[in-house]
Amino acid sequence: MTDNIKCKREKYQSKEDMINLTDNISRFDDLKFNRRAFLKTAVGATVALGLTTLPFSVKALLGDFEEERELVEIAKLDSIPKGSSITFHYPTEKDPALLIHTKAGELKAYNSACTHLMCPVFYEQESEVLLCPCHQGYFDLNNGHPIAGPPQRELPLIEIEVQNGTVYAVGRKIRHG
Ligand code: FES
């Protein structure tokens, strides 16, 4: 067989194959199968997306904060006069914290590393705010929210309890407001 005949034959066969192929395509079948494939892919993608975002959805439903619980003694209540503060560490020795006995007699506690660049935050007794002297950052004493200066995030809130005249840290909430 010469090359010329072989070439003609291949050309003819491939043309015929194409005709057979296009003859087998039904427009309605094609649409049906494409639609089915699309729906399968869409449902699969939706289920996969739902499963991967499930932890975030649960977290959003339960509230946007993380909570740790561990009981640690801080001090005797009568050793902290109103309008004063003491330092302690919670929940580990690496986490500095501040317990404030406000002028009104309330107890407030927060981790005291500034949420800007980690400088220590102090209780400013005269104006009853929490002050970070590094860049003049101010936090609300009542809730730890930043109120002035560079900090954008709240101080982690330490939950406290008084039992038989002793103040305990019992938990910590890291908020993401
Ligand atoms: S480190 Fe506290 S304001 Fe900058």
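This is a short tour of a predicted model, stop by stop.

**Stop one: the core.** Select Leu98, Ala109 and Val121. Within the largest nonpolar core, which has 19 residues, these three touch the most other members. Now colour β3 (96-101), β4 (107-111), β6 (129-132) and β10 (166-175). Each of these strands supplies at least two residues of the core. β3 gives the most, with four residues. In soluble globular proteins, nonpolar side chains tend to be buried together.

**Stop three: a cis bond.** Go to the loop between β2 (84-89) and β3, where Pro91 is found. Select Tyr90 together with Pro91. The peptide bond joining them is cis, with omega about 0°. Most peptide bonds are trans.

**Stop four: Met118.** Move to the loop between β4 and β5 (122-124), the place of Met118. Met118 is not a glycine, yet its phi is positive, about 75°. Most residues other than glycine have a negative phi.

**Stop five: Glu128.** Finish in the loop between β5 and β6, where Glu128 lies. Glu128 also has a positive phi, about 50°, without being a glycine. Glu128 has 16 C-beta neighbours inside 10 Å, so it counts as partly exposed.

Key. Residues numbered from 1 in each chain as written. Predicted model: local features only at pLDDT ≥ 70, side-chain atom pairs only at ≥ 80, totals over all residues. Buried ≥ 20, exposed ≤ 12 C-beta atoms within 10 Å, placed from the backbone. Core = buried A, V, L, I, M, F, W, Y, C linked by C-beta atoms within 7 Å.
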